[in-house]
Number of protein chains: 2
Amino acid sequence: MTKKIIIATGNQGKVNEFKELFSGIDLSVSSLKDHWNPLPDIEENGSAFYDNAKIKADWVYERRGGVWALADDSGLEVDALGGAPGVLSARFSGEGATSESNNEKLLNDLKEIPEHLRTARFKCVLVLKTGPETYLSAEGTCEGVIITEKSGSRGFGYDPLFIPQGFNETFAQISSEEKNKISHRGKAMRALYKELQKIID
Amino acid sequence: MTKKIIIATGNQGKVNEFKELFSGIDLSVSSLKDHWNPLPDIEENGSAFYDNAKIKADWVYERRGGVWALADDSGLEVDALGGAPGVLSARFSGEGATSESNNEKLLNDLKEIPEHLRTARFKCVLVLKTGPETYLSAEGTCEGVIITEKSGSRGFGYDPLFIPQGFNETFAQISSEEKNKISHRGKAMRALYKELQKIID
């Protein structure tokens, strides 16, 4: 029997990535917008990426029991800022934050920090709720540095300021195919996929 | 090939429970004491049961890569205390805490609270690290109430003060077999086992 899975996100870009990833296994994929209108506003008040992803997966599972629920949470950890913005990545510049205002705040907070100390990493945690009491989760990390000026127009969020290790272009400059190979989300998705293949009946 | 699994606990009682549970599947089970002497002191500074279990599973996995690592974390959440002692259950009464001193503190903190408001639950989270980036986890909850005087001599921790829903004896009075059927750890273990069966090659 085809297993049903709901992706707990309103971000169509992420939904498409998951649909593509899962195309090889017997899964029927839908997302929040196929089930709720307007989109629910799920409060993500966890103190770690895992907690927030779990909150979203639980929220969906409780309302659509029996259907698997998959959620992701991700963000940027900057060493010179003690790991900030972390779980607050999307809301770094406060109320009404946009990628623009978040990037501005990041550049400002780092303006005294020399290049070699601007190390950072993107992290992604995926949580799949497979039953009332069980979860499958996967993590992905992508190490890099924060540059001093935005570069590139692809991607979203902090991508124009982040150069992954071993590259000399930002996440906003490299192709989405290239990015997917090395990105935190790409890594987490492939790790989850590998586990998932084993448990699909 | 028989899969190897290390249980990240120094508690022989728990190890035995896991060994018994896993006897039906092709797993070679060992525990901390089979690998480390003296036993490592893994700092559990997470803010949730999941975090602490993950800290222990990660610790073992990093040092014994390739071998699965399974950890549990559990505790008591008392509604009238806003969910305390929670992750601090084992250290509730501070430095050098024992079951005795923890139970005393719990009774004292609840002494003004009438019977019908002394609701509480034991929770258990199991985290199994199956690869560098993947985890399988399971939760179990057992609802009940905290009574006003210790009763029974079995079990450990807060068992003599906890009467599970639907019973009129404490966890320290019922048989371990009976307890295992309804306990937080029993439930989490069976949920994990069910998932595990699917992914054992």
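This is a predicted model: local features need pLDDT of at least 70, side-chain atom pairs count only at pLDDT 80 or more; totals for chains, interfaces and linings use all residues.
Q: Which pattern does chain A follow when read along the sequence?
A: The secondary structure of chain A comprises 6 helices and 6 strands. Read along the sequence, these elements of chain A give the pattern β-α-β-α-α-β-α-β-β-β-α-α.

Q: What radius of gyration does chain A have, and what would a compact globule have?
A: Chain A has 201 residues, and a compact globule with that number would have a radius of gyration near 17 Å. The value for chain A agrees with this expectation, because it is 17 Å.

Q: How many bridges pair strand β4 of chain A with strand β5 of chain A?
A: A hairpin joins β4(A) to β5(A) through 2 residues. Within this pairing, A120(A) has G144(A) in β5(A) as its bridge partner. Strand β4 (residues 119-131) and strand β5 (residues 134-146) of chain A run in the antiparallel sense, and the number of bridges is 12.

Q: Which residue of β6(A) is the bridge partner of V145(A)?
A: β5(A) also pairs with strand β6 (residues 162-164) of chain A. This pairing is antiparallel and has 3 bridges. In β6(A), the partner of V145(A) is I163(A).

Q: Is V127(B) buried or exposed?
A: V127(B) belongs to strand β4 (residues 119-131) of chain B. A residue counts as buried if its relative accessible area is under 20%. V127(B) has 0% relative accessibility, and therefore it counts as buried.

Q: What distance separates the C-alpha atoms of V127(B) and D51(B)?
A: Leaving aside neighbours within four places in sequence, the contacts of V127(B) include Y50(B), A53(B) and K54(B). D51(B) lies 76 residues from V127(B) along the chain. The C-alpha atoms of V127(B) and D51(B) are separated by 9.2 Å.

Q: How far apart do the centres of the positive and negative side chains of chain A lie?
A: Chain A has 25 positive side chains and 30 negative side chains.

Methods
Residues are numbered from 1 along each chain as its sequence is written. Chains are lettered from A and ligands numbered from 1 in the order in which they are written. Side-chain values use heavy atoms; hydrogens and water are left out. Helices (H or I, at least four residues) and strands (E, at least two) are DSSP runs, numbered from the N terminus. The radius of gyration is taken over C-alpha atoms; the globule rule is 2.2 Å times the number of residues to the power 0.38. Lys and Arg count as positive and Asp and Glu as negative; His and the chain ends are not counted. The place of a charge is taken as NZ of Lys, CZ of Arg, CG of Asp or CD of Glu. Two strands pair if DSSP finds at least two bridges between them. Buried means under 20% relative accessible area, exposed over 50%, partly exposed in between (1.4 Å probe, protein chains only). Contact means heavy atoms within 4.5 Å.
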